[in-house]
Amino acid sequence: QTTTYYLKVSNFLIDELNFYLFHGDTLVQQWTRGDRQQWDSEQYQGIWIPITLDSELDTTLLIRRHSKGPILFPIALYDSSMVDQAKTQQHTLWVVSLTALVLLLGYNVVIYLVTRERSFVYYVLFNVGLIFSLGLILGFSRYLIPNNAIHEWFSTYILTLHTALLWAVYRFSLSFLNIEKHHPAFWKHRFKMDGAFVALVILSCFLVESRMAAIFLVASALCTYWAFYTKSFHTLAIRFYLLSWSILILGALTGSLIYWDIIAYNGFSEYAYLSASLCQLFGFSLAYSARIRKINEDRYFINLTDVLTGLPNRQFLLTHMSIYRDPEESIYDAHSLVLISLSGYHSLTQAVGPAKADSAVKQLFTHLNQVLMRIDKVEGMPWLENTEVKLIRVGVDSCVFVTRFKQIDHVLPKLIPILETTVSVEGLEFSFL
């Protein structure tokens with residue numbers, strides 16, 4: 001009775017991979033399973049090599065490996081009673097992975113069709129490219145690209161594909177993180193970065209994975225730096241962005257450590273990049289949904305914002321004051337609207353002109369809001385990007401804030417010194433009171 005074992009190989013990125021089965025000195029069978037080779041198998045199931053033992057002669061399996069990239073060789077050995085179950089598990093993993101990736105792609109396409117946000121095109125392209133990249137790494141790419149010549153071309157330039165994906169994330173991040181507003185100095189040089197990515201794409205055609213891994217990490221760190229130092233860090237969209245991007249960097253770092261022979265290629269590291277990619281795609285989708293909702297909220301607040309100071313305006317006062325419901329039993333616990341009117345505004349306008357007078361008013365109202373923010377007895381009101389304000393500008397020379405009636409005498413003494421301070425405009429001293 002003959003005994004057959006099956007050798008499973010998990011690295012699908014080896015350029016040339018040949019197996020030779022000998023019984024004694026006789027070559028019994030050979031297989032070609034390289035990523036850039038023509039396979040001698042009619043039905044693709046992955047890399048499974050049947051090793052049939054001879055009852056009389058020694059059985060030898062010779063393996064030839066050649067690749068510009070890593071030639072890590074994670075293997076598993078199954079007997080004939082377990083091989084069908086193992087193949088089914090591998091096929092199920094492929095189907096589940098591909099289904100999840102396609103569903104996320106469909107979800108992102110729907111988001112783009114609804115929002116028509118130009119920057120999101122880059123993210124959809126990144127999603128498509130990532131499906132092909134994971135297919136090449138995990139082995140189900142031959143289902144996506146059945147033509148051997150086209151598949152070999154993708155395998156040859158997988159680094160170029162990864163570089164193009166990184167470029168797409170860079171372009172997406174420029175808009176998503178609002179770099180034009182939060183990093184204007186870098187925004188001016190964004191096209192220089194595009195030129196650097198063009199050079200990097202060309203360079204990736206000639207470098208190997210171990211050389212490119214460090215470049216990938218540097219570019220990833222740049223996007224992370226933008227996210228951490230953007231002034232919108234506290235928004236839900238940026239938090240989702242940071243979380244998903246950090247997960248992807250962790251998965252990519254796992255792959256880089258494998259290339260550098262620092263960690264082993266095992267069951268965990270084999271699927272770390274897949275898991276990280278799925279989490280990153282889902283996280284980016286949530287981040288973009290949160291961003292769209294935030295944009296809609298900002299559009300709503302535009303009509304409630306004073307253009308000069310950035311504080312809430314009179315319309316905000318009329319819209320939001322209904323939230324304060326006073327107790328009927330005690331007037332001292334009731335909310336009070338305290339009005340501050342600048343009697344010296346018109347004199348200042350006549351002396352230096354409206355523009356400079358408005359500039360002085362802006363400084364004063366901004367300072368007053370900063371002082372009120374430090375006083376707990378003054379009521380705060382929800383504002384842009386989950387922040388709070390405590391001062392509302394209701395006219396060119398007046399503003400209001402809300403506090404309890406019994407707290408007015410405690411709050412006003414802290415504001416009087418600021419209001420009594422003289423303002424110097426073009427050498428003239430003015431007081432607003």
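1. Three strands make up an open sheet in the order 7-11-10, with antiparallel pairing; strands are DSSP runs of E, at least two residues long, numbered from the N terminus, and two of them pair if DSSP finds at least two bridges between them. Strand 7 (335-341) and strand 10 (392-395) are the edges, each pairing on one side only. On average, neighbouring strands here are turned by 35° against each other, direction ignored.

2. The model is predicted: local features need pLDDT of at least 70 and side-chain atom pairs count only at pLDDT 80 or more, while totals for chains, interfaces and linings use all residues. Numbering starts from 1 along each chain as its sequence is written, and side-chain values use heavy atoms, without hydrogens and water.

3. Strand 7 and strand 11 (residues 398-404) are joined in the antiparallel sense by 7 bridges. Leu337 stands opposite Val402 of strand 11.

4. Two helices (DSSP runs of H or I, at least four residues) lie across this sheet's strands. Helix 15 (residues 408-420) lies across strand 7 and strand 11, at about 150° to strand 11. Angles run from 0 to 180 degrees between N-to-C directions of axes fitted to C-alpha atoms, for helices over the stretch in contact, meaning heavy atoms within 4.5 Å.

5. Mean pLDDT (the predictor's confidence in each residue, from 0 to 100) is 81 for the chain, and 86% of residues reach 70 or more. Confidence is lowest in helix 9 (residues 209-229), at a mean of 64, and highest in strand 2 (residues 16-23), at 92. Where pLDDT is low, predicted coordinates should not be read in detail.
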